[in-house]
Amino acid sequence: MEASGVINLKRLVGKGGNGKVGAITVDTHRFLTPSIAQAIASAHGTPCYVYDEATLNAQADAMLAFPNAFGVTARFAMKACPNASVLRLFLAKGLHFDASSGYEVRRAMKAGVPAERISLSSQELPEDFAELLKLGIQVNACSLLQLERIGRALPGHEVGIRFNPGRGSGGTGKTNVGGPDSSFGIWFEWADQVKSIAAQNKLKIIRIHTHIGSGSDPVVWQEVSAASLALVKAFPEVHTLNLGGGYKVARVAAEKGTDPQIVGAPVRAAFEKFAKDDGRKLKLEIEPGTFLVANAGAVLCRVQDVVSTDTRKFIKLDSGMTEILRPSLYGSQHPVHLYPAKPTDKSVDYVVVGHCCESGDLISCAPGEPETLATRQLPEAHAGDLCVIGGAGAYCAGMSTKNYNSFPEAPEVLLQTNGSARLIRRRQSLDQILQNEILD
Ligand code: LLP
């Protein structure tokens with residue numbers, strides 16, 4: 001490794017394919033093959049997040065080509081993976097950004113994202129929102145009170161409105177953010193109140209925003225998109241419709257991803273029809289998080305113990321909910337690849353668990369059931385074997401039980417298209433975990 005934290009992997013590319021270990025074929029991760037995994041683990045230790053630049057680029061290209069009638073702005077929902085190097089990569093690709101707090105706005109700006117490329121849709125309007133809006137940040141008011149506060153602080157300003165369109169759809173109940181049971185956005189039937197608050201403060205409503213959930217059913221998404229056009233009709237100054245994110249990706253073979261070309265085509269037609277009927281050529285905005293990063297990231301870790309009961313065999317990783325919380329939170333499915341150091345002829349059905357003192361720190365849960373144990377058929381494992389958990393680019397490094405059991409925040413590494421691996425975040429130290437504690 002060079003002092004800069006860069007390791008050259010060129011000599012390893014192509015060497016890590018579907019290797020045979022003993023008589024069984026080792027199922028290898030797409031970009032984190034055994035030899036690359038070994039090189040990164042030696043240089044940076046485990047656990048560690050690894051992102052693949054080529055995949056990030058390809059996913060960005062797919063979203064920039066989203067079907068549209070009169071122009072599209074693709075915003076990266078940065079909560080999915082907020083590392084500055086990832087933000088910069090997407091900035092260079094031409095993406096814009098969706099921030100969900102004032103802190104995310106400032107974080108994007110610190111990474112070099114110009115204010116005009118950021119929009120804020122937040123459950124909590126930051127204290128300094130007026131300052132941010134004056135800098136050029138765009139805002140979608142997500143409640144009537146938010147709209148009032150914006151109006152009082154900046155009368156005459158241009159705003160977007162995030163509506164709850166009355167329906168939602170998510171891969172799980174926890175990721176559905178639309179319908180009567182959801183606190184996200186302004187209920188669509190309160191459009192008259194929106195108009196009167198806007199009129200009192202001379203606010204100009206130029207954008208309608210809806211986001212109904214993550215892992216949304218594409219049919220529901222399309223229906224809500226059409227319904228959102230009806231909301232646009234009620235606001236004559238609106239020139240942009242933001243249809244949020246939520247596009248599914250397949251992390252494991254049993255899942256089916258959403259094809260942006262297929263889901264977007266009828267929406268393009270609806271925008272064209274709207275233009276014919278109404279005269280407005282609406283700009284489309286989309287704000288995917290998962291789609292852009294989920295399958296571009298993985299957690300590289302090690303087996304640190306193998307234990308059993310009379311009925312179960314467990315692999316204990318040196319990672320877990322401290323790096324990847326999604327299985328424990330949603331019962332989400334992530335592929336697990338094991339790279340045995342010693343050749344083996346055997347495969348075993350293992351329950352894969354994390355290192356936290358928490359029975360819920362379970363990686364191999366049943367689909368949608370965080371508390372139900374399931375097994376993964378893997379090569380016979382021994383302590384020290386490398387393990388790769390796939391589909392971990394979205395809502396993993398940015399959404400974990402960081403520092404639980406005082407485990408430090410794991411480093412992040414970017415596999416670059418030039419054949420090198422660059423450290424883009426260091427491992428946290430114990431002193432950094434403790435730095436804000438005050439003893440007397
Ligand atoms: N726009 C808004 C306003 C959002 O709240 C979200 C996600 C997105 C866009 C991006 O959604 P995506 O394309 O990533 O589905 N932590 C969960 C999902 C909840 C995300 C919340 N908001 C996960 O691990 O899947």
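Q: How many salt bridges does a search of the whole structure find?
A: The search finds 15 salt bridges. The structure is a predicted model.

Q: What makes the pair Arg75 and Glu285 a salt bridge?
A: The closest N and O atoms of Arg75 and Glu285 are 2.9 Å apart. The cut-off is 4 Å between a side-chain nitrogen of Lys or Arg and a carboxyl oxygen of Asp or Glu, so the pair qualifies.

Q: Why does the pair of Arg75 and Glu285 tie together parts that are apart in sequence?
A: Arg75 belongs to strand E5 (residues 72–77) and Glu285 to strand E13 (residues 283–286), so the parts they join are 210 residues apart in sequence.

Q: Which residues make up domain 1 and domain 2?
A: The domain assignment gives 6–52 + 294–434 as domain 1 and 65–288 as domain 2. Their C-alpha centres lie 33 Å apart.

Q: How do you know that domain 1 and domain 2 are in contact?
A: Contact needs heavy atoms within 4.5 Å. By that rule, 20 residues of domain 1 touch 16 residues of domain 2.

Q: What area do domain 1 and domain 2 bury between them, and which residues of domain 1 supply more of its share than any other three?
A: The two domains bury about 1400 Å², with 57% of it on carbon and sulfur atoms. On the side of domain 1, Tyr330, Gln333 and Tyr395 supply 33% of the area buried against domain 2.

Q: Which elements each supply at least two residues of the side of domain 1 that touches domain 2?
A: They are helix H11 (326–330), strand E22 (412–415) and strand E23 (420–425). By class, this side of domain 1 has ten nonpolar, six polar and four charged residues.

Q: Which of the 18 residues around the ligand come nearest?
A: Ser214, Glu287, Thr290, Arg326 and Tyr395 come nearest.

Q: Why is the peptide bond from Thr46 to Pro47 worth noting?
A: Most peptide bonds are trans. The bond from Thr46 to Pro47 is cis, with omega near -5 degrees. Pro47 lies in the loop between helix H1 (34–44) and strand E4 (48–52).

Q: What is the phi of Asn405, and where is this residue found?
A: Phi of Asn405 is near 60 degrees, a positive value in a residue other than glycine. Most residues other than glycine have a negative phi. Asn405 is in the loop between strand E21 (386–389) and E22.

Conventions. Residues are numbered from 1 along each chain as its sequence is written. This is a predicted model: local features need pLDDT of at least 70, side-chain atom pairs count only at pLDDT 80 or more; totals for chains, interfaces and linings use all residues. Side-chain values use heavy atoms; hydrogens and water are left out. Domain bounds come from an automatic or database domain assignment. Buried area is the accessible area (1.4 Å probe) that two parts lose on being put together, summed over both. Helices (H or I, at least four residues) and strands (E, at least two) are DSSP runs, numbered from the N terminus. Ala, Val, Leu, Ile, Met, Phe, Trp, Tyr, Cys and Pro count as nonpolar, Asp, Glu, Lys and Arg as charged, and the others, Gly among them, as polar. A residue is near a molecule or strand if one of its heavy atoms lies within 4 Å of it.
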